[in-house]
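Subject: A structure to look through

Dear colleague,

I am handing over a structure that I have been reading through, and I would be glad if you kept it open beside this message. My notes on what was found follow directly below it.

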Amino acid sequence: MKGSYMRSHIALLGAVTLAAGAVGGPAFAAGNTHNDHRKVVAHSVQSPGRSLGAASTGTTEHFIVTFKLRDAAGAEAFVKAVSDPSSPQHGKFLSPAQFTKRFAASKSDVDKAVAWLHSQGLKTGAVSKSRSYVPVSGTVAQVNKAFGTKMQKYTKSGRTFSAPAKAVTMPSSVAGVVGGVVGLDHSRMLHTTNVRTNEASAQRHKSAKTLSALGAAPAAKSGASDACSSYYGQYHLPYAPKAASPLKGVQPGSLCGYTPQQMRAARGMKAKDTGKGMTVGITLWCNDPRIEADTNTWAKNLGFQPLKKNQLTVIEPDAGYDPLYCDDQGSGGVNGEQALDVQSIHGAAPDAKIIYSAASRPFDDALMTSMHKLIDDNLVDSFTNSWGGGEVDDPATNDAYSAIFIQAAAQGISVLFSSGDYGDNTNGDQSTTPPSPDYPAANPWVTAVGGTSLATGNAKGSKVSFEQAWNTSYNLRQDDAWSGWQYRYGGGGGVSQYHAEPYYQQGVVPTRFTGVDPHRAYPDMAGAGDPYTGYLIGYHDGDAGNNFVLQKIGGTSWSSPWTAGTLALVGKRVGFLNPAIYAKGHAGLTDVKGNALKHGFEYKTSGTIATVGINSQQVQNQTLVSERGYDNLTGFGVPSSTKDFVKALRKY
């Protein structure tokens with residue numbers, strides 16, 4: 001592993017030190033806040049798991065203290081203006097230094113807060129250039145005393161973690177500048193948003209060396225075959241029964257997975273559409289050191305353009321990776337996700353530069369840090385994030401995320417998030433499980449990208465048979481009968497429980513999606529994501545003996561980075577996308593509509609046959625629908641015509 005996770009030291013790339021003090025900042029008398037009123041800066045989590053008692057007082061905790069924007073209202077107003085074509089400020093983005101000078105916490109206020117942290121025996125790293133946060137470390141005993149809390153050990157779902165059992169507080173005399181304390185609560189471990197199918201044919205990919213080895217026969221052939229198809233409807237299983245109702249007749253076999261050439265053809269991309277001169281960022285935790293070599297092997301096997309020298313850059317956390325979550329080869333189990341992000345962007349924009357900003361672990365504080373590395377030095381024109389969790393029940397954490405995204409928008413950086421892969425998170429039955437949003441996808445200052453099922457009609461990909469909302473169910477054949485439809489997965493969507501309806505959705509999104517007390521509805525747009533059609537990626541897979549594989553994969557982890565790559569084709573920064581998406585013309589997106597179950601797949605799995613229903617809303621009981629205009633599965637649609645999408649954003 002490059003570097004080590006240093007538990008006694010925290011240093012962050014691109015940070016600036018404070019002027020005075022042993023670690024930085026002015027001295028602070030510990031007694032100054034002895035009788036000071038205390039203010040909550042992070043809420044405790046309700047019932048995070050089964051308590052195992054108090055956390056060991058000698059254990060070192062690593063976290064960040066975030067700082068509020070000095071003029072949050074002014075920053076929001078600026079983003080609205082710079083994103084509004086009718087405003088004289090439109091497109092006049094700020095540099096990081098300009099944003100910090102106008103809107104960030106003052107240096108004196110930050111210095112005062114840092115000095116208080118030192119007075120409590122806590123260690124700090126350097127304050128970020130944007131004066132957005134400072135990394136902090138200290139023992140559990142020091143944390144408990146400083147923040148008036150009690151760190152507790154918990155267990156849930158086979159995982160043991162620590163979290164505050166009481167609200168985290170600070171003296172009001174220094175808390176005024178503090179946004180929150182992020183990273184003490186480890187109950188919310190983030191996850192990626194990619195999925196694989198369980199079809200038997202997908203296993204062929206694990207030993208594939210070239211595209212022809214995937215099982216796809218020459219394009220001229222069709223009919224009955226066990227081979228995977230290079231386009232929808234090319235083959236069907238030779239012994240397949242009629243599909244489960246309401247589907248009719250025998251359904252096609254599933255696809256081998258689209259190549260970047262097929263995807264570019266399906267989206268109408270031309271040879272000149274390369275993204276040259278633009279830079280796209282990625283945030284995720286851990287890093288597979290073979291990612292560049294694997295991407296070039298993938299490109300060679302598929303006959304696609306390889307990465308040029310220095311086209312892909314990896315920014316690693318200065319203090320190294322947390323060994324509890326990252327290692328050299330397994331890369332924390334995110335090798336496939338990292339490859340999907342990089343190879344989706346490269347497929348859509350083969351000449352664009354890519355910067356991968358790695359976090360040390362899958363928690364909010366580490367991902368916030370990795371995002372700031374891209375933003376504070378203005379390194380990228382857009383960045384994509386294929387990760388998330390449940391919506392945070394802590395205003396301080398939510399507001400810290402919003403401040404990051406507002407800064408990015410002010411600088412003209414587009415921020416995209418995968419919307420999730422399990423619909424409204426009810427597992428297809430809202431009568432037993434209440435809907436819950438994905439986060440940060442549900443934040444109003446990001447563009448949430450949902451998923452579709454894209455079916456091409458020829459081997460080149462240039463003919464699109466249909467594109468529907470990705471919302472699949474499956475039905476197993478047992479004892480010569482279908483067992484019944486069960487939810488499989490689909491693009492995430494719903495409504496935030498924390499963020500009110502944003503200005504750009506007001507009067508545009510129907511109340512049935514935002515609620516009677518209107519809140520932020522998502523996603524905003526969509527892209528191909530169905531793993532049963534899938535995208536071919538190449539990486540070292542731990543489930544395949546840690547060998548290089550070509551494998552079909554999907555999820556909104558495909559939708560978001562492909563969209564980020566498409567943005568690079570605009571050739572300039574476009575900033576916050578949502579005002580354009582919700583304006584007249586909807587940024588050239590193509591509406592995805594229809595809720596009838598008309599199309600599916602049939603495939604082998606575990607010795608039997610399964611039917612997969614595409615866009616299977618009518619056999620589910622969840623809150624997501626696909627219909628004309630805005631909907632909570634695909635937003636306002638997909639950039640099915642790259643030309644229209646790029647043209648609209650260039651003019652906006």
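R520 is buried, with a relative accessible area of 0%, where buried means under 20% relative accessible area, exposed means over 50% and partly exposed lies in between, for a 1.4 Å probe and protein chains only. This residue has its place in strand β28, residues 519–522; helices (H or I, at least four residues) and strands (E, at least two) are DSSP runs, numbered from the N terminus. A polar atom of the R520 side chain lies 3.1 Å from the backbone oxygen of V446, and the C-alpha atoms of R520 and Y503, which are 17 residues apart in sequence, are 9.6 Å apart in space.

Before going further, please keep in mind that this is a predicted model, in which local features need pLDDT of at least 70 and side-chain atom pairs count only at pLDDT 80 or more, while totals for chains, interfaces and linings use all residues. Residues are numbered from 1 along each chain as its sequence is written, and side-chain values use heavy atoms, with hydrogens and water left out.

Not counting residues up to four places away in sequence, L312 touches I291, E292, L307, V342 and I354, where contact means heavy atoms within 4.5 Å. The C-alpha atoms of L312 and G281 are separated by 9.8 Å, although these residues are 31 residues apart along the chain.

D381 is found in a loop, between α9 (364–376) and β18 (382–385), and is buried too, with a relative accessible area of 15%. Which side chain does the side chain of D381 make a polar contact with? The partner is the side chain of R573, at 2.9 Å; a polar contact is a pair of N or O atoms within 3.5 Å, and within protein one must be able to donate a hydrogen and the other to accept it, while residues adjacent in sequence count only if both atoms are side-chain atoms. Leaving aside neighbours within four places in sequence, D381 is in contact with residues including G277, M278, T279 and R573.

Turning to the sheets, an open one of 4 strands has the order β5-β7-β4-β11, with antiparallel pairing, and two strands pair if DSSP finds at least two bridges between them. Its edge strands, each pairing on one side only, are β5 (123–124) and β11 (178–182). Helix α9 packs on this sheet, touching β4 (60–67), β7 and β11, and its direction makes about 50 degrees with that of β4; axes are lines fitted to C-alpha atoms, for helices over the stretch in contact, and angles run from 0 to 180 degrees between N-to-C directions.

Another open sheet has 3 strands in the order β12-β19-β21, again with antiparallel pairing, and its edge strands are β12 (191–192) and β21 (438–439). Strand β19 (residues 387–390) is joined to β21 by 2 bridges, and Y439 in β21 is the bridge partner of G389.

Finally, helix α1 (residues 72–82) and helix α10 (residues 395–410) pack at an angle of about 40 degrees, with their axes 9 Å apart. That makes α1 oblique to α10, because angles under 35 degrees count as roughly parallel, over 145 as roughly antiparallel, 65 to 115 as roughly perpendicular and the rest as oblique. A75, E76, F78, V79 and V82 in α1 meet I406, A409 and A410 in α10.
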